[in-house]
Amino acid sequence: MGYNHTPILLRECIDALAVRPDGIYVDGTAGGGGHSAEIARLLTTGRLIAIDKDPSAVEAAGKRLAPFPCAAVVRGDFRDIPEILDSFKIPFADGVLLDLGVSSHQLDDAARGFSYHQDAPLDMRMGGEGISARDVVNTYSAQDLARILRNYGEERFAKRIANAVIREREKSPIETTAQLAELIKSAIPAAARREGGHPAKRSFQAIRIEVNGELDSLSGFMDTALAALSPKGRLAVITFHSLEDRIVSRHFAQWRKGCDCPPHFPVCVCGKQPKVKIISRKPVTPSQQEIEQNNRSRSAKLRVAEKI
């Protein structure tokens with residue numbers, strides 16, 4: 001299957017990064033290279049480093065960026081951006097972009113096991129390595145399954161679903177996406193199933209996050225993000241659910257705060273200064289036209305900060 005990739009909030013991202021022809025930019029989640037190609041088109045003496053941990057994405061981005069000598073494609077995790085920059089002998093970047101959505105290619109390729117709409121072996125590994133969704137579903141305890149579904153999927157019937165999984169796998173292993181989706185559906189009360197959306201959506205999201213360590217990667221990156229940016233360098237992050245958005249907005253708020261002296265102190269004695277200027281006071285969201293053209297963009301939120 002070809003790598004189908006529609007870049008979300010493309011123009012908004014390019015504007016947010018304030019791309020300079022001689023700047024250094026990192027696309028930490030290259031996907032099919034849509035955002036990367038637009039950045040590369042604007043560079044003359046600058047550099048673009050495009051990163052993805054999915055081998056098929058690296059291949060697709062490599063082909064798309066082949067006409068741009070300024071671009072390099074690397075297989076890796078965006079949490080390792082400082083080390084990747086160092087491998088190119090680049091001290092800082094002028095802009096870093098993260099698009100945290102699952103690509104259309106990963107969702108539409110049934111063999112990857114991401115989708116509850118198509119039957120396939122349970123997998124969900126973006127990089128093809130490590131534990132799979134099958135491992136999580138068939139080996140985690142009921143308590144751990146419930147915790148994952150509750151914390152990562154905000155699933156209110158997490159305990160019921162976890163217990164249903166345990167009962168089913170005692171008969172035989174749960175092997176496919178269709179089998180798991182039907183099991184989740186049967187564990188949720190009928191009234192709740194009619195509330196809208198596929199009943200397995202939250203659980204599949206939670207298992208995917210666990211398999212790929214998505215929130216750990218994001219938290220790890222945010223803890224070191226400023227070290228990768230030059231002064232006035234910009235960080236632009238597109239999130240797709242509240243868990244990701246909370247991590248990004250919490251770090252932005254901490255970086256922006258500066259002084260944390262008690263309010264009754266007449267002058268600052270801590271000496272802490274704000275580390276960033278928030279460019280997007282409110283998250284940037286897709287236009288109605290973009291949502292109509294690409295329904296998967298509907299939950300996207302773009303937040304942008306500039307290093308002081």
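Where is Val267 found? In this predicted model, Val267 sits in the loop between helix 13 (242–257) and strand 6, with helices (H or I, at least four residues) and strands (E, at least two) taken as DSSP runs numbered from the N terminus. With a relative accessible area of 55%, Val267 is exposed; here buried means under 20% relative accessible area, exposed over 50%, and partly exposed in between (1.4 Å probe, protein chains only). Together with Phe265 and Val269, Val267 makes a nonpolar surface patch of about 280 Å². Patches are made of residues with over 30% relative accessible area and no salt bridge, nonpolar side chains (Val, Leu, Ile, Met, Phe, Trp, Tyr) being joined within 5 Å and like charges within 9 Å. A salt bridge is a side-chain nitrogen of Lys or Arg within 4 Å of a carboxyl oxygen of Asp or Glu, and accessible areas come from the Shrake-Rupley method with a 1.4 Å probe, where for residues only the protein chains shown count as cover.

Residues are numbered from 1 along each chain as its sequence is written, and side-chain values use heavy atoms, with hydrogens and water left out. As the model is predicted, local features need pLDDT of at least 70 and side-chain atom pairs count only at pLDDT 80 or more, while totals for chains, interfaces and linings use all residues.

Turning to the sheet, seven strands form an open arrangement in the order 3-2-1-4-5-7-6, with mixed pairing; two strands pair if DSSP finds at least two bridges between them. Strand 3 (71–75) and strand 6 (276–278) are the edge strands, each pairing on one side only. On average, neighbouring strands of this sheet are turned by 20° against each other, direction ignored; axes are lines fitted to C-alpha atoms, for helices over the stretch in contact, and angles run from 0 to 180 degrees between N-to-C directions.

Four bridges link strand 1 (residues 24–27) with strand 2 (residues 47–52) in the parallel sense, and Val26 has Ile49 in strand 2 as its bridge partner. Helix 2 (residues 34–41) packs on the sheet, touching strand 1, strand 2, strand 4 (93–99) and strand 5 (229–239), and its direction makes about 175° with that of strand 2. Contact means heavy atoms within 4.5 Å. Helix 3 (residues 55–65) also packs on the sheet, touching strand 2 and strand 3, at about 170° to the direction of strand 3. Strand 2 itself is mostly covered, with five of its six residues buried.

Strand 5 is largely enclosed by the rest of the structure, because nine of its 11 residues are buried. Strand 5 runs parallel to strand 4, joined by six bridges, and Val237 in strand 5 is the bridge partner of Leu98. Six bridges also join strand 5 to strand 7, this time antiparallel, with Leu235 opposite Ala305 in strand 7.

Two loop residues complete the picture. Asn294, between helix 14 (288–293) and strand 7 (301–307), counts as buried at 12% relative accessibility. Gly101, between strand 4 and helix 5 (104–108), is partly exposed at 27%.
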